Amino acid sequence: MLAFGHVIHISLLLTSVLQIGHGLNIESDWGKAHSKGQKALRAKAKICGRTFVPDVGLGARPISLAAQRKKTYRMTLENHEDVQYVGEMIIGQQRISGVIDTGSFELLVFSNECELCGDRELLYNHNCSSKYHQGNVDMMHSFGSGDTWSHEAFDTVKIGPLGTTNQSFWEVVDTAMPVLKSATFQAIVGLGPCGSAKLLADKRVTEALQVEQNIKDHGGEVPEDVSWDTQDAIRAQKHSNRKVDLATSLKLGTFSVCIGPWRGDPGYVVWNDDLPKTQSNYFVNVPNVGPIHWSVQMSDVRIGHGVYGGSNVVDIGCGGAEGPCGAVLDTGTSLLAAPKAAIDQVDKALEKIDYDCSRISELPDLLFKLGDSEFSLPPESYVGKVTGIIPTALREVLRSRSNSTVDTTSSETGCQSLLMEVDSKTQFGPMWILGLPFFRKYYTSFNSGYRPSSRESRSLSFAVADEHCKPTNSVSLIHAARRAHDVMHIDPSKLRMSTTMNNARKRRRYDL
């Protein structure tokens with residue numbers, strides 16, 4: 001385990017940081033290199049392996065940020081067992097596969113110095129980049145399956161035609177996260193709302209100072225570890241104040257996410273997407289309610305086509321006397337997540353088909369409101385087959401159907417609820433997380449409001465997606481043509497939880 005000087009521990013989401021450089025020139029100078037330069041490049045390529053790409057000349061012929069902002073790029077996400085989807089980017093001079101995560105705000109890149117972070121031939125090697133330099137801040141990040149330790153680092157970052165120089169990120173050099181040994185990605189690309197990382201850093205300082213004050217008010221002496229935590233929080237706050245997130249660096253206006261509906265289908269991210277404007281009649285707009293997360297007010301969750309509280313539906317929650325819920329749109333979480341009470345109601349619905357996934361067509365859709373608009377998800381989004389041993393880190397969030405505990409000796413738990421458990425209250429009510437299953441039906445657009453001060457400009461737009469992940473002009477978000485059911489087969493060892501999910505399940509109160 002690496003020993004750090006002063007490590008800033010992050011239990012909440014903190015910054016994805018950068019220094020804004022100039023624009024980029026994507027024309028390669030590879031063919032123009034003289035023989036000596038070509039020989040040096042070949043030598044570097046031999047050392048750096050199959051992920052190496054020649055210097056593409058970022059910043060050599062700058063284009064305006066306005067021009068860059070107009071570039072639309074449809075990125076294909078490679079599907080890994082229907083629970084992880086990764087897209088290709090270039091960091092320094094290496095091709096890196098990254099998870100696009102709207103539930104976090106950081107850019108984490110896994111270094112080949114990390115022995116437990118996966119295939120070291122695919123991991124980021126800063127020696128292969130001519131523009132890399134290391135910062136002076138160390139960081140520890142906590143995830144559902146363990147912790148990582150990182151250095152701040154700087155390098156060029158390129159996503160399709162978009163790019164930035166001197167981009168700050170966290171270079172992960174050590175981990176206590178066994179799941180990374182077989183990881184399909186080498187980076188986590190946090191795309192939470194701009195400016196939110198600073199809000200979280202400010203919030204952490206406030207909470208740390210309050211802990212100290214409470215101890216003093218009761219006549220106690222502040223322990224050394226509490227004092228160190230406060231100082232770490234203050235250092236993290238100062239760090240976030242001088243940094244800007246990746247979306248701001250790229251001057252990203254609107255981006256959209258869609259996951260193919262069938263098992264094995266790829267997913268897509270559309271950077272600088274203009275369809276919500278040019279095809280606005282296809283979309284429904286829903287207010288983004290929280291100051292920190294991509295979040296919406298959710299209400300009247302039920303199984304069955306009928307009104308909440310009706311005799312022909314199973315009420316799940318977020319309605320009636322209970323009131324509404326708060327939901328996070330999170331591409332970094334593999335499944336939907338809901339309160340325990342909601343999962344218990346889904347289990348009751350499963351009893352009607354004797355926990356037999358071959359009868360999944362007998363189950364109704366899951367219906368709910370986001371804002372004032374009705375949405376629905378097919379039964380395969382909340383019910384499926386789970387095959388394999390559920391890892392220790394997930395035993396509290398993914399229950400077997402036989403009882404509230406997990407049979408750790410069984411290699412197949414069969415047909416069960418595919419809802420992860422999160423029992424946390426938000427300022428809008430009980431928390432839900434709309435993970436990857438939501439994006440299999442809805443083409444979802446995030447208006448990032450790339451200026452941190454323009455939180456009021458953030459918005460979310462939704463359209464029913466076709467089989468090619470293009471928005472359709474559906475008359476209704478819930479009465480779109482129902483596809484044949486494709487039961488999901490989930491390997492729990494491959495499931496991913498974003499830092500949002502991990503942090504929320506540890507807290508009784510979690511602000512969106």
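A contact here means heavy atoms within 4.5 Å. The model you are looking at is predicted, so local features need pLDDT of at least 70 and side-chain atom pairs count only at pLDDT 80 or more, while totals for chains, interfaces and linings use all residues. Residues are numbered from 1 along each chain as its sequence is written, and side-chain values use heavy atoms, with hydrogens and water left out.

Trp271 also belongs to the largest nonpolar core, which has 74 residues; Trp271, Leu329, Leu370, Trp432 and Phe438 touch the most other members. Helix α7 (residues 340–351) gives the most to this core, with five residues. Apart from this core lies another one of 22 residues, including Val397, Met431, Ile433 and Met501. A nonpolar core is a set of buried Ala, Val, Leu, Ile, Met, Phe, Trp, Tyr and Cys residues joined through side-chain atoms within 4.5 Å. Buried means under 20% relative accessible area, exposed means over 50%, and partly exposed lies in between (1.4 Å probe, protein chains only). In soluble globular proteins, nonpolar side chains tend to be buried together.

Now step back to the whole chain. Of its 512 residues, 58% count as buried. Its secondary structure comes to nine helices and 26 strands; helices (H or I, at least four residues) and strands (E, at least two) are DSSP runs, numbered from the N terminus. Among the contacts with a separation of 6 or more, 75% are between residues 24 or more positions apart.

Two strands pair if DSSP finds at least two bridges between them. Strand β12 (residues 284–287) runs antiparallel to β25 and is joined to it by four bridges, with Asn285 opposite Ser461. Strand β24 (residues 442–447) is also antiparallel to β25, with six bridges, and there Thr444 has Phe462 as its bridge partner.

Which charged side chains meet? A search of the whole structure finds 14 salt bridges, each a side-chain nitrogen of Lys or Arg within 4 Å of a carboxyl oxygen of Asp or Glu. In one of them, Lys494 meets Glu81 at 3.9 Å, N to O. Lys494 lies in the loop between β26 (489–490) and α9 (499–504), and Glu81 in the loop between β2 (73–80) and β3 (84–91), so the pair ties together parts that are 413 residues apart in sequence. Lys494 is partly exposed, at 22% relative accessible area, and Glu81 is partly exposed as well, at 44%.

Arg204 and Asp229 form another salt bridge, at 3.0 Å, N to O. Arg204 sits in helix α3 (residues 196–217) and Asp229 in helix α4 (residues 224–241), 25 residues apart. Arg204 is buried, at 9%, whereas Asp229 is partly exposed, at 34%.

A salt bridge also joins Arg302 to Glu374, at 3.3 Å, N to O. This pair links strand β13 (residues 295–303), which holds Arg302, with strand β18 (residues 373–377), which holds Glu374, 72 residues apart. Arg302 is buried, at 5%, while Glu374 is partly exposed, at 25%. Finally, salt bridges that share partners join Lys203, Glu207, Arg509 and Asp511 into one network.
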